[in-house]
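User: Please take a close look at the ligand site in this model. I want the contacts, the cover and the make-up of the surroundings.

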Amino acid sequence: MKIKAINGFKDILPDAALRWQHIEQTARDIFERFGMREIRMPILEKTELFSRSIGEATDIVEKEMYSFSDKGITMRPEATASLLRAFIEHGLHVQQPVQRLYTIGPMFRHERPQKGRLRQFHQMDVEIIGATEPQVDAELMAMGQMLLNSLGLKVSLEVNSLGCPDCRPGFRTQLIEYLEERKDDLCEDCRRRLSTNPLRTLDCKSRGCKALVKDAPSILKSLCNACNEHFAEVEHTLGLLGVTYSKNRFMVRGLDYYTRTTFEFITGDLGAQAAVGAGGRYDGLIEQLGGPKLPGIGFAMGMERIALLMEQQVENGIHKPSADIFVAALGAKASEYGCVLVQNLRSLKLKAAMDYSGRSLKAQMKQAGRINSRFTLIIGDNELAEEKAVLRNMQTQEQVDFPLNGTGVEQAQRLADYTESSQG
Ligand code: HAM
């Protein structure tokens with residue numbers, strides 16, 4: 001019996017990995033332009049870290065965490081809580097009052113797998129800690145959009161404000177009143193959540209709840225003055241930066257730590273999994289986790305969803321890299337010689353390859369074509385004795401005699417210079 005990967009856990013095969021490298025490299029480049037520095041955290045954390053930050057009554061904590069209950073530890077379902085734990089533990093704010101951090105890696109949630117939804121998935125997560133200004137909210141969204149645009153993706157941005165501990169409780173009461181009156185029309189989940197997490201009803205996917213919340217009170221009308229001003233300034237700055245967005249008062253997010261601005265990058269091209277990336281402000285969370293009283297805001301992009309969208313939206317986005325030189329050796333001496341030459345070429349930063357199986361020249365030339373090599377150096381035992389070989393430009397099919405005199409390093413350097421100066 002063959003052993004297969006676990007449902008919801010996926011291999012990223014070499015062709016796909018090229019796309020992943022491109023996504024990651026583009027992200028690092030853009031994040032660094034915005035002053036972000038990388039941080040890496042462990043995958044396992046104390047379970048309490050997630051229940052205290054994401055919230056006991058959320059789907060993630062209630063039913064999706066991979067926990068080792070006997071050890072009280074959990075495989076991180078997201079990066080924000082872990083990153084803040086590390087931030088607090090190492091007192092990073094002491095070095096620099098505003099920290100701009102990013103991290104890239106796997107997260108784990110026991111959800112029902114489907115297109116764009118996995119149990120092990122990868123996030124590119126960014127957080128700005130210590131800044132409360134609305135310009136920062138807009139700057140982060142602009143950065144997310146720049147990243148998606150740089151990858152050639154068309155994705156829309158939706159923005160909302162969830163208020164703060166001063167104004168949200170009033171809204172919550174209003175919403176509960178509205179929902180209680182229509183309780184019988186709610187789906188089972190929302191009826192249950194009415195007392196624990198009533199705001200989730202606003203983004204429930206069930207058709208009945210969707211119709212019902214259309215006329216529910218709007219959180220944007222319940223914001224206190226400070227939250228209202230903050231949101232107005234976020235909108236103003238998004239306008240200045242030329243970021244296109246729409247307001248969505250039904251967006252509440254599946255994690256409890258948000259205050260004020262929340263946002264999602266949305267696509268219609270991935271079926272039910274519309275969010276390519278999402279985030280928001282969490283001004284009380286750091287203190288709640290035992291850290292200093294500092295505000296924060298961030299977002300995470302889902303790498304699987306970005307990769308899928310690129311397959312759909314970006315044609316010929318990524319080209320396979322090619323080798324610089326393939327060494328085709330014919331005969332035992334030539335093979336030994338080639339082995340050392342390839343090593344020297346690689347030391348000179350060239351992508352060099354050879355086949356040690358002693359196959360026919362035809363078979364080796366086929367192999368050179370398969371790996372898309374720019375040049376092939378053909379060496380036979382007889383040619384080697386005369387200190388020469390044949391160098392073939394694989395694109396133009398031109399062949400030249402190539403001298404093999406001098407030391408091995410000199411020969412490799414001559415080849416490197418030649419391939420660099422020639423088209424191929
Ligand atoms: P989230 O909305 O739970 O937020 O996840 C962010 C993104 O991760 C989603 O938009 C989606 O692209 C991707 N994602 C989530 N779950 C899955 C899954 N099962 N399979 C594939 N992709 C998935 C957070 O995690 C917050 N920590 C974001 C944040 C950072 N807020 C502030 N800072």
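Analyst: A nitrogen atom of the ligand is 2.8 Å from an N or O atom in the side chain of Thr80. That is a polar contact, defined as a pair of N or O atoms within 3.5 Å; within protein, one must be able to donate a hydrogen and the other to accept it, and residues adjacent in sequence count only if both atoms are side-chain atoms. Glu78 places a polar side-chain atom 2.5 Å from a ligand nitrogen. For Tyr258, the corresponding distance to a nitrogen atom of the ligand is 2.6 Å. On its own, the ligand has 660 Å² of accessible area (Shrake-Rupley method, 1.4 Å probe), and the protein covers 96% of that.

The model is predicted: local features need pLDDT of at least 70, side-chain atom pairs count only at pLDDT 80 or more, and totals for chains, interfaces and linings use all residues. Residues are numbered from 1 along each chain as its sequence is written, and side-chain values use heavy atoms, without hydrogens and water.

Now the shell. It holds 27 residues (a heavy atom within 4 Å of the ligand). Glu78, Thr80, Glu111, Arg253 and Tyr258 are the closest. By class, the shell has eleven nonpolar, eight polar and eight charged residues. Here Ala, Val, Leu, Ile, Met, Phe, Trp, Tyr, Cys and Pro count as nonpolar, Asp, Glu, Lys and Arg as charged, and the others, Gly among them, as polar.

Strand 10 gives the largest share, six residues.

Technical notes
Helices (H or I, at least four residues) and strands (E, at least two) are DSSP runs, numbered from the N terminus.
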